Amino acid sequence: LPRLISRLNAAGIEVVDLEATFRKARAAGERPYHLDDTHWNATGTSLAADRLAERLVPTPIYAQGRAD
């Protein structure tokens with residue numbers, strides 16, 4: 001994953017890496033994945049949405065509201 005992220009960044013593609021976010025949640029006793037597979041559950045979806053919002057809010061178009 002770090003190699004992929006590095007290549008994407010080198011190509012000018014921004015990446016929000018959720019690995020640390022999910023690792024921290026697991027260390028706190030939260031489960032971001034379903035027990036029987038690797039898909040995100042409601043906790044994982046919420047964590048990802050919060051992390052993405054942190055990244056998007058500072059972007060001018062989102063900080064000013066919707067531009068119609």
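Okay, quick one today, and I'll start with a definition: a polar contact is a pair of N or O atoms within 3.5 Å, where within protein one must be able to donate a hydrogen and the other to accept it, and residues adjacent in sequence count only if both atoms are side-chain atoms.

First, the ground rules. This is a predicted model, so local features need pLDDT of at least 70 and side-chain atom pairs count only at pLDDT 80 or more, while totals for chains, interfaces and linings use all residues. Residues are numbered from 1 along each chain as its sequence is written, and side-chain values use heavy atoms, with hydrogens and water left out.

So, confidence. pLDDT is the predictor's confidence in each residue, from 0 to 100. The mean for the protein is 88, and 85% of its residues reach 70 or more. Which element has the lowest mean pLDDT? That's helix H4, residues 60-63, at 62, while H2 has the highest, at 95. Where pLDDT is low, the predicted coordinates should not be read in detail.

Now the layout. We have 4 helices and 0 strands, where helices (H or I, at least four residues) and strands (E, at least two) are DSSP runs numbered from the N terminus. The order of the elements is α-α-α-α. There are 68 residues, and 15% of them count as buried; buried means under 20% relative accessible area, exposed over 50%, partly exposed in between, with a 1.4 Å probe and protein chains only. As for contacts (heavy atoms within 4.5 Å), if you take those with a separation of 6 or more, 26% are between residues 24 or more positions apart.

A brief stop at H1, residues 2-10, which is where Leu8 is found. Leu8 is partly exposed, at 26% relative accessibility. Leaving out residues up to four places away in sequence, Leu8 touches Ile13 and Val15.

On to H2. Its buried residues are Thr21, Phe22 and Ala25. What do the buried residues of H2 pack against? They pack against H3. After H2 comes Gly29, with a positive phi near 90°.

Let's look at H3 from its own side. H3 has 15 residues and spans 21 Å from its first C-alpha to its last, close to the 21 Å expected at 1.5 Å a residue; the expected span is 1.5 Å times one less than the number of residues. Gly44, Leu47 and Ala48 are the buried residues of H3. They cover an arc of only 95° around the axis, which puts them on the same side of H3. H2 is included in what covers them. Asp50 is also in H3, and at 46% relative accessibility Asp50 counts as partly exposed. Asp50 and Thr21 are 29 residues apart in sequence, with 10.0 Å between their C-alphas.

Back to Asn41, as promised. Asn41 lies in the loop between H2 and H3 and counts as buried, at 16% relative accessibility. Asn41 caps the N-terminal end of H3, with a side-chain oxygen 2.9 Å from the backbone nitrogen of Thr43. Not counting residues up to four places away in sequence, Asn41 touches Arg31, Pro32, Tyr33 and His34.

Last bit: aromatics. Rings of Phe, Tyr and Trp (its six-membered ring) pair if their centres lie within 6.5 Å; planes under 30 degrees apart count as stacked, over 60 as edge-to-face and the rest as tilted. By this rule there are 2 aromatic pairs. Phe22 and Tyr33 are edge-to-face, 5.4 Å centre to centre with 80° between the planes. That pair links Phe22 in H2 with Tyr33 in the loop between H2 and H3, 11 residues apart. Phe22 is buried at 2%, whereas Tyr33 is partly exposed at 29% relative accessibility. Phe22 and Trp40 have ring centres 5.4 Å apart and planes at 75°, so this pair is edge-to-face. Trp40 sits in the loop between H2 and H3, so the pair ties together parts 18 residues apart in sequence. Trp40 is partly exposed, with a relative accessible area of 40%. Put together, Phe22, Tyr33 and Trp40 form one aromatic cluster.

Technical notes
Arc of directions from axis to C-beta.
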